[in-house]
Amino acid sequence: SGSGKTTLLNLVGCLEKPDKGSIEYDNILLTKLSRPARTNLRKTKFGFIFQAYHLLPELTVLENVKLAAMLNGKNVRTAAAAAKKLLVQVGLQHRLKHKPGELSGGEQQRAAIARALVNEPELILADEPTGNLDSKTGLGILEILKELHANYSKTIIMVTHNREIADFA
């Protein structure tokens, strides 16, 4: 399926199927899974962080994160509590009712990280998570990812073109 960094993350994240070969995760042959099984795996095991954030502009930050939890079967109250807790952890407690367009790039990326974590994934797939940010803000995002790995044993696959970020990882 083509080439390049996006395709690699899409293959690992079950968004695309390879033309040949196989991909295995946690003793599961991903390339043999049905579409519903791949969708379920993405909802329960993987968290995605994109360079472009992909927050829904008409929803507040809290609603964006809460929606991800609700799509994974959590009721509204549980989803809201989980979303709020994560947004506080990434320093956005003062921005819960703001829409993405009212946030800085770094704030949007922190909201996207909270969204990626709300379903307690085992694997985080990060596609240029600092690519749209200035170097100071990008460093703050890297620190959050470093903390996730160190304190919560999250496995992170991160794609970057930036040598300094690769060295940080």
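Colleague: How many cavities of 30 Å³ or more does a search of the whole structure find?

Modeller: Rolling a probe the size of a water molecule over the atoms shows where empty space is left. Here the search finds one cavity of 30 Å³ or more (a set of points on a 1 Å grid over the protein atoms alone, where a 1.4 Å probe fits but cannot get out). This is a predicted model, in which local features need pLDDT of at least 70 and side-chain atom pairs 80 or more, while totals for chains, interfaces and linings use all residues. Numbering runs from 1 along each chain as its sequence is written, and side-chain values use heavy atoms, without hydrogens or water.

Colleague: What volume does the largest cavity have, and which residues line it?

Modeller: Its volume is about 40 Å³ (the space filled by probe spheres set on the points, which are joined across faces, edges and corners). The lining (residues with an atom within 4 Å of a point) includes Leu-11, Cys-14, Glu-16, Lys-17 and Arg-38.

Colleague: How do I read aromatic pairs?

Modeller: A pair of aromatic rings is described by the distance of the centres and the angle of the planes. This structure holds two pairs (Phe, Tyr or Trp rings, the six-membered one for Trp, with centres within 6.5 Å; planes under 30 degrees apart are stacked, over 60 edge-to-face, the rest tilted). Tyr-25 and Phe-46 have ring centres 5.2 Å apart and planes at 75°, so they are edge-to-face. Both are buried (under 20% relative accessible area; exposed is over 50%, partly exposed in between, with a 1.4 Å probe and protein chains only).

Colleague: Which rings are stacked?

Modeller: Phe-48 and Phe-50, with centres 5.9 Å apart and planes at 5°. Phe-48 is buried at 16% relative accessibility. Phe-50 is partly exposed at 26%.

Note on methods: On a 1 Å grid over the protein atoms alone, a cavity is a set of points where a 1.4 Å probe fits but cannot get out, and a pocket is an open set with protein on both sides within 12 Å along at least five of seven lines; lining residues have an atom within 4 Å of a point.
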